[in-house]
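Here are my notes on the model you sent, as numbered points. They cover the domain layout and the ligand site.

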Amino acid sequence: MGKVYLTGAGPGDIELLTVKALRLVQEADVIIYDRLANPDILKEAKNGCEFIYVGKEDSHHTLPQEEINQVIYESALQYETVVRLKGGDPLVFGRGGEEAIYLNERGIKFEFIPGITSAIAVPEYAGIPVTHRGITVSFRVVTGHESRNKEYSQIPWDNYKTDDTIVFLMGLHRLKHISKKLIEIGKSKDYPIAVISRGTTKDAKTVVGTLENIYEKAKDLPTPALIVVGEVVNLREQLSWFE
Ligand code: SAH
């Protein structure tokens, strides 16, 4: 019986893969990977390594999670070293915890290999620090993808009245709703917001605006994209370095 390494692939730039993740990719007998994991990482695998794509696209999953769990489990029965490669960090909206519970319940050993999350690195490449002395003392990472159940909203909007930096993942398709909600809870229409598409890659594109105009400016950006809200967005004027 093999062991499963729930491994973070980093946010896009292949050089943001950790040394540990790279070693496991090189040792893997099988790599089960997502759409968000940079496919160039697979070139590092040894000859004969098997690749299984279980791509997920933001809200619509190519494979249901239960099937992905099963693929990982069956791979562990068959191979020694199983790398489950996920974009960013495996436990930041990555469902790595669910996969580990599934494996644990079936007696399969696993390890988490943290990855650099897009939530921090993508704003960083855009010249937006998630915290900055004198501007904000904390940041939140929130899913923009709320439950389809209209009875309740999973996002506790009233908690977001503070000046924390807010990073929304999986939120581009909800950009209009998110900016409207933030105005509703009392943020000014001029409050700074940025949308960053394909961050840390050669296709990176950042659009900066206000809660009032961001939807019109950024709605057509390609995914993956994340949203940063907060005064730290203004620092981009001085800190932009990558694009
Ligand atoms: N586990 C991942 C996040 C998974 S949720 C991590 O730690 O980064 C997927 C969301 O991450 C996307 O919808 C998008 O909002 C964000 N994302 C991932 N890679 C990105 C990139 N290169 N540029 C912009 N957003 C990205």
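**Notes on the domain interface and the ligand site**

1. In this predicted model, the area buried between domain 1 and domain 2 is about 1,000 Å². Carbon and sulfur atoms give 67% of that area. On the side of domain 1 that touches domain 2, the residues divide into five nonpolar, three polar and three charged.

2. As for where the domains lie, the domain assignment places domain 1 at residues 3-113 and domain 2 at residues 118-239. Their centres, taken over C-alpha atoms, are separated by 28 Å. The contact between them involves eleven residues of domain 1 and 15 residues of domain 2.

3. Which polar links cross the interface of domain 1 and domain 2? The rule finds two residue pairs in polar contact there, both at pLDDT 80 or more. For salt bridges across this interface, the rule finds zero.

4. The ligand has 19 residues around it, of which D89, V92, T117, S118 and A225 come nearest.

5. A ligand nitrogen atom is 2.8 Å from a polar backbone atom of D89, and a ligand nitrogen atom is 3.0 Å from a polar backbone atom of G87. At S118 the side chain takes part: one of its N or O atoms is 2.7 Å from an oxygen atom of the ligand.

6. On its own, the ligand has 550 Å² of accessible area, and the protein covers 95% of it.

Conventions: Residues numbered from 1 in each chain as written. Predicted model: local features only at pLDDT ≥ 70, side-chain atom pairs only at ≥ 80, totals over all residues. Heavy atoms only, no water. Domains from an automatic or database assignment. Contact = heavy atoms within 4.5 Å. Buried area = accessible area lost by both parts, 1.4 Å probe. Salt bridge = Lys/Arg side-chain N within 4 Å of Asp/Glu carboxyl O. Polar contact = N/O pair within 3.5 Å; in protein donor to acceptor, adjacent residues only side chain to side chain. Nonpolar A, V, L, I, M, F, W, Y, C, P; charged D, E, K, R; others polar. Near = heavy atom within 4 Å. Areas by Shrake-Rupley, 256 points an atom, 1.4 Å probe, with all protein chains shown as cover.
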